[in-house]
Amino acid sequence: MEILVVDTETTGLDPESDKPIEIAAILWSTSYKSILIQVSTLIGYKQEVPNPVEPINKISSELLGKSFPYQPALELINQMSHSVTYICAHNADFDKEFCKKIVGLNIPLSNWIDTQDIRYPNSKYCQGTSLNNLAIAHGIPIVDAHRALDDCKTLTKLLSFVLNLEEELKRASRPKVLVKSFEEKPGTLSKMHGFKWHSIIPYSWAKYMPEEDIASLPFSAAQVSLEDSINAQEKRS
């Protein structure tokens with residue numbers, strides 16, 4: 001099986017107001033655990049783009065305003081994306097939303113997998129499901145974190161540790177529902193299982209996951225409606 005590992009760098013966390021400024025993709029063979037093609041490019045704009053998170057990703061505003069031929073890189077990503085079984089990203093919903101904003105990028109949106117949903121050998125030793133936490137737990141050096149290609153490479157190294165990877169990918173591709181954790185603060189187990197605080201439901205631990213996996217969680221949780229949960233929180237405020 002071949003998969004496409006994707007990562008983006010952005011000027012912030014809000015797809016509505018922030019901009020994608022870098023994208024990388026690796027065409028990766030699950031059978032040989034090997035990189036087949038890798039590509040990375042900054043996204044060019046007609047003028048300088050303010051980048052408030054430059055101290056994190058080291059991408060300068062001035063650089064983004066320069067003219068350079070990045071479109072061929074996007075076309076290569078397009079070609080690779082249509083040849084794979086899955087497109088994989090760590091926190092896939094985030095990257096998918098920003099990919100939609102990149103002019104010239106036309107990749108499928110229906111076959112994405114969030115690699116936070118993969119069961120890794122040392123997941124039980126992690127306090128969360130972030131890429132850095134999982135990499136450290138598996139002895140993978142962190143090199144230039146928050147640059148797109150380096151994060152893609154880190155993710156492929158992490159996937160290399162997974163036995164029966166193709167089965168895990170298939171498992172992670174199952175339909176998901178919104179689940180809210182009822183674990184009391186500080187929510188240590190919820191965080192370990194990939195639940196996010198105040199990210200989906202205000203002032204709550206929540207995540208999207210397969211309905212059939214709810215019963216196996218080591219804490220109380222239930223499927224909820226996003227609209228009902230937000231309305232209930234607003235009434236309590």
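**View 1. Aromatic pairs in the predicted model.** A search of the whole structure finds 4 aromatic pairs, where rings of Phe, Tyr and Trp (its six-membered ring) pair if their centres lie within 6.5 Å, and planes under 30 degrees apart count as stacked, over 60 as edge-to-face and the rest as tilted. One of them, formed by Phe 195 and Phe 219, is edge-to-face, with 5.4 Å centre to centre and 80 degrees between the planes. This pair links distant parts of the chain, 24 residues apart, since Phe 195 sits in the loop between helix H8 (188–192) and strand S7 (196–197) and Phe 219 in the loop between strand S8 (205–209) and strand S9 (221–223); helices (H or I, at least four residues) and strands (E, at least two) are DSSP runs, numbered from the N terminus. Both Phe 195 and Phe 219 are buried, a word used for under 20% relative accessible area, with exposed meaning over 50% and partly exposed in between (1.4 Å probe, protein chains only). The rings of Trp 197 and Trp 205 have centres 5.6 Å apart and planes at 55 degrees, so this pair is tilted. Trp 197 is partly exposed, with a relative accessible area of 36%, whereas Trp 205 is buried, at 12%.

The structure is a predicted model, in which local features need pLDDT of at least 70 and side-chain atom pairs count only at pLDDT 80 or more, while totals for chains, interfaces and linings use all residues. Residues are numbered from 1 along each chain as its sequence is written, and side-chain values use heavy atoms, with hydrogens and water left out.

View 2. An open sheet of mixed pairing is formed by 5 strands in the order S3-S2-S1-S4-S5, where two strands pair if DSSP finds at least two bridges between them. Strand S3 (34–42) and strand S5 (112–114) stand at the edges with a single partner strand each, so one side of each is left without a neighbour in the sheet. Neighbouring strands of this sheet are turned by 25 degrees against each other on average, direction ignored. S1 and S2 pair in the antiparallel sense over 9 bridges, and Thr 10 stands opposite Pro 20 in S2. S1 and S4 run parallel and are joined by 3 bridges, with Ile 3 opposite Tyr 86 in S4. Strand S4 (residues 86–89) also runs parallel to S5, again through 3 bridges, and the bridge partner of Ala 89 in S5 is Asp 114.

**View 3. A helix lying across the sheet.** Helix H7 (residues 165–172) lies across S1, S2, S4 and S5, running at about 85 degrees to S4; axes are lines fitted to C-alpha atoms, for helices over the stretch in contact, and angles run from 0 to 180 degrees between N-to-C directions. Leaving aside neighbours within four places in sequence, Leu 169 is in contact (heavy atoms within 4.5 Å) with Met 1, Ile 3, Thr 30, Tyr 86, Cys 88, Ile 113 and Ile 118.

**View 4. The largest nonpolar core.** A nonpolar core is a set of buried Ala, Val, Leu, Ile, Met, Phe, Trp, Tyr and Cys residues joined through side-chain atoms within 4.5 Å. Of the 24 residues in the largest one, Ile 3, Val 5, Tyr 120, Leu 155, Leu 158, Leu 159 and Leu 169 touch the most other members. S1, S2, S4, helix H5 (131–137), helix H6 (148–159) and H7 each supply at least two residues of this core, and H6 gives the most, with 5 residues. Apart from this core lies another of 21 residues, among them Ile 43, Ala 89, Cys 99 and Trp 112. The buried residues of H6, including Leu 155, Leu 158 and Leu 159, pack against S1, S2, S4, H5 and H7.

View 5. The peptide bond from Lys 185 to Pro 186 is cis, with omega near 10 degrees, and Pro 186 lies in the loop between strand S6 (177–181) and H8. Lys 58, in the loop between helix H1 (54–57) and helix H2 (61–64), has a phi near 60 degrees, a positive value in a residue other than glycine, and is exposed, with a relative accessible area of 59%. Asn 164, in the loop between H6 and H7, has a positive phi of about 50 degrees although it is not a glycine, and at 61% relative accessibility Asn 164 counts as exposed.
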